[in-house]
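This briefing is meant to be read with the sequence and the coordinates open side by side.

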Amino acid sequence: APPCSRGARTMSLGPSQAATGDGEALASSSREPPGNVYLLSLGFNQDGSCFVAGTTAGFRVYAISPVSEIHRRENSAAFEHRSVSLVSMLFRTNIFAMVTVSDLDPSTGGPNKVQIWNDQTGKFAGELRSRNEVKGVALRKDIIAMVCEYAIYVYTLDKLRVIQHLTTNANNRGLCVLAVASDPWILCCPGQSIGAVRVQVGQDDRQTRVFEAHQTALAALALNASGTLVATASEKGTVVKVFQTSDGQLLYRLRRSARPALISCLIFRHDDRFLGVASSSSTVHIFRLDQATAREDAGLEDRGSGEFSASPGASPAYTPAADPAGSMPPLLPHAPAGIEQFASQIHKAVTKIASHTAAEAVSDVVKGVIPTYFNDLRSFAHFRMPDVDSNGQPTVDARSSQTRISGPQLAFHRTEPRLSVLHYSGMLYECSFKPDHDPSLGTQECGLRAAATWFAVRPDFRLQGSGSSATVAGGAGEDDKEAEEWQLL
C-alpha cells in the first residue's frame with residue numbers, strides 16, 4: 001500500500017448520509033478551459049508529513065520525506081470534468097473532505113457541499129450540505145467543521161451528525177482551526193465582532209472564551225496541538241499575536257514587518273517553541289516563543305490594538321484638560337509606512353507635550369507611545385524564497401483564476417530544526433535554522449537545504465524525485481500555452 005494508505009482509519013460512512021446547514025444555494029463556479037491544470041487549494045495535513053492540492057481536474061497527494069507524489073485523482077471516473085476547490089486531508093489516512101464542482105452534473109457537487117472521499121474504496125462516502133457557499137473545512141480524528149461565511153457547523157466524523165452551530169462575523173476566508181491532540185476537541189474561529197476570536201471547548205458552552213485580538217478583521221489563525229495557545233493575525237499583517245486560550249491573555253506580540261501583507265499561514269512547532277509565519281511577501285518568518293521572551297507588560301496593553309496604537313492614559317501626569325491649547329495631538333494612531341515618518345511623528349508629539357508639561361512627564365508619555373512598536377518581538381529567523389520578487393510575485397504562478405490561495409503554506413519538521421515552505425509556484429522549499437542562535441546578533445538567515453518542483457500546469461507533469469530539478473512547460477498565465485520552458489537552477 002502507498003505510504004499514505006498504511007494504517008488508514010476507514011470511517012463507516014454510508015453513501016446516503018448527509019447533513020444540512022442554513023443559507024441560500026449558489027451556482028457552480030466556472031471551470032478553467034480544457035488543457036492545462038491549475039491549483040485551486042493546497043495545504044499540509046495535521047502532522048506536516050503530507051500535503052494535498054486541489055486542482056481544476058481533481059486532487060493530488062504528496063509525501064514530504066522524501067518528496068514524492070502518492071496519489072493523483074484527476075480525470076478518473078469519479079473526477080471526470082470535476083474540479084476540487086477545497087480539500088483537507090485527515091492525517092495519513094484515506095479520508096479527505098472536499099468541495100467539488102462538476103460541469104456535467106452540478107448536482108453531484110457544488111460550492112454548498114462538503115463531500116467525504118474514501119480513497120480506499122474510491123468512492124464518496126458521505127456529504128454535508130448547506131444553503132450557503134462553503135468557505136472552509138477542518139478535520140480531526142473525531143469531528144469535521146464546515147465553514148460558511150457567517151456560521152460554522154461541527155459534525156461527528158463517524159456518523160456525520162451535527163453537534164454544534166457557531167455564529168461568526170463575516171468570514172470569507174473560511175478561518176477555522178482545530179487542536180489536533182486536545183481532549184475534548186478545541187475549535188478556534190472568528191467571533192461575532194470584528195477582530196474577535198472565539199475558542200470553543202467541546203460542546204460545553206460554559207468553557208467558551210471570546211476575546212478581542214485585533215481592531216481589524218482576522219486574516220489567519222493557528223492552534224497548537226494541545227489547544228492551549230492560539231496565534232492570530234489581522235488583515236494588516238504587520239503584527240502576529242499569541243494568546244492563552246484558557247483566559248485570552250496576550251503572551252506575545254510578534255512584529256513581522258512595518259509593511260502590510262496578507263498572512264497566508266501561521267504554524268506552531270510541535271513543542272511550541274517556534275511559530276512560523278508566511279505571507280504574500282517573499283519572506284517567511286520564524287519567531288521563538290519561550291518564557292524568557294514573553295512580554296511582562298503584554299497583558300497591560302490594549303488587546304484590541306492588533307496594529308500600532310497608543311494606549312489612552314499612558315502618562316498620568318498629562319491630560320487633555322491640562323493642555324492650554326485645549327487638546328492633545330494624536331499620538332500615532334496608525335503605524336506609518338516608513339521609520340523616518342514614524343520617528344518624526346514621535347518627535348512632534350513629544351515636542352508638543354514638552355511645551356506644556358514638566359520634563360519628567362515627557363519620558364512617561366514616550367514610554368506609553370513607543371513600546372507597542374519597539375518592544376514587539378522581532379523574527380528569530382527568516383527565509384527569503386528564491387524566484388520570488390520583493391513584492392511576493394513568483395516567476396511562475398500555477399494558481400487558477402478561481403483560487404483562494406493567497407500565499408505559501410508551512411510545516412515544521414518533527415525532529416529537526418527545518419521548515420517546509422509549500423508555494424503555489426509549484427515549488428517546495430526546505431530551509432533550516434539554528435535553535436540556539438543568539439538573537440542579540442540579529443535575525444538569522446535560514447539556509448536552503450532542498451528545493452523540488454512538485455507541480456506544473458502541464459497535465460502530464462510528474463515529480464521527478466527527491467531533490468531533483470525538473471524542466472516544466474506552461475506559462476505565467478493560464479491562457480499562455482505557448483510559453484517558453486523554464487528550469488530550476
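**Briefing on the predicted model**

In this predicted model, the largest nonpolar core is made of 22 residues, and the members that touch the most others are L39, L42, F51, L428, W454 and F455. Two strands, β2 (39-44) and β3 (50-55), each contribute at least two residues to this core, and β2 gives the most, with three residues. As a general background, nonpolar side chains in soluble globular proteins tend to be buried together.

**Cores**
- Once neighbours within four places in sequence are set aside, L42 is in contact with V52, A53, I405, Q409, L422, Y424 and W454.
- Another core lies apart from the largest one and comprises 20 residues, including F274, A278, M385 and V388.

- Q409 belongs to strand β26, which covers residues 409-412.
- Q409 has a relative accessible area of 19% and therefore counts as buried, since the cut-off for that class is under 20%.
- A polar atom of the Q409 side chain lies 3.1 Å from the backbone oxygen of S264.
- Leaving out neighbours within four places in sequence, the residues in contact with Q409 are L42, G43, F44, S264, C265, S420, V421 and L422.

**A four-stranded sheet**
- Four strands form an open sheet in the order β18-β19-β20-β21, and their pairing is antiparallel.
- At the edges of this sheet are β18 (218-223) and β21 (250-255), each of which pairs on one side only.
- On average, and with direction ignored, neighbouring strands of this sheet are turned by 20° against each other.
- Within the sheet, strand β19 (residues 229-234) pairs with strand β20 (residues 239-244) in the antiparallel sense over five bridges.
- Across from V230 stands F243, which lies in β20.

**Overall make-up**
- The protein contains three helices and 32 strands.
- Of its 489 residues, 54% count as buried.
- Among contacts between residues at least 6 apart in sequence, 53% join residues that are at least 24 apart.
- The accessible surface of the protein amounts to about 20800 Å², and carbon and sulfur atoms account for 49% of that area.

Definitions and conventions
Residues numbered from 1 in each chain as written. Predicted model: local features only at pLDDT ≥ 70, side-chain atom pairs only at ≥ 80, totals over all residues. Heavy atoms only, no water. Core = buried A, V, L, I, M, F, W, Y, C linked by side-chain atoms within 4.5 Å. Buried < 20%, exposed > 50% of the residue type's maximum accessible area, 1.4 Å probe, protein only. Contact = heavy atoms within 4.5 Å. Polar contact = N/O pair within 3.5 Å; in protein donor to acceptor, adjacent residues only side chain to side chain. Areas by Shrake-Rupley, 256 points an atom, 1.4 Å probe, with all protein chains shown as cover. Pairing = 2+ DSSP bridges. Axes fitted to C-alpha atoms, helices over the stretch in contact; angles between N-to-C directions.
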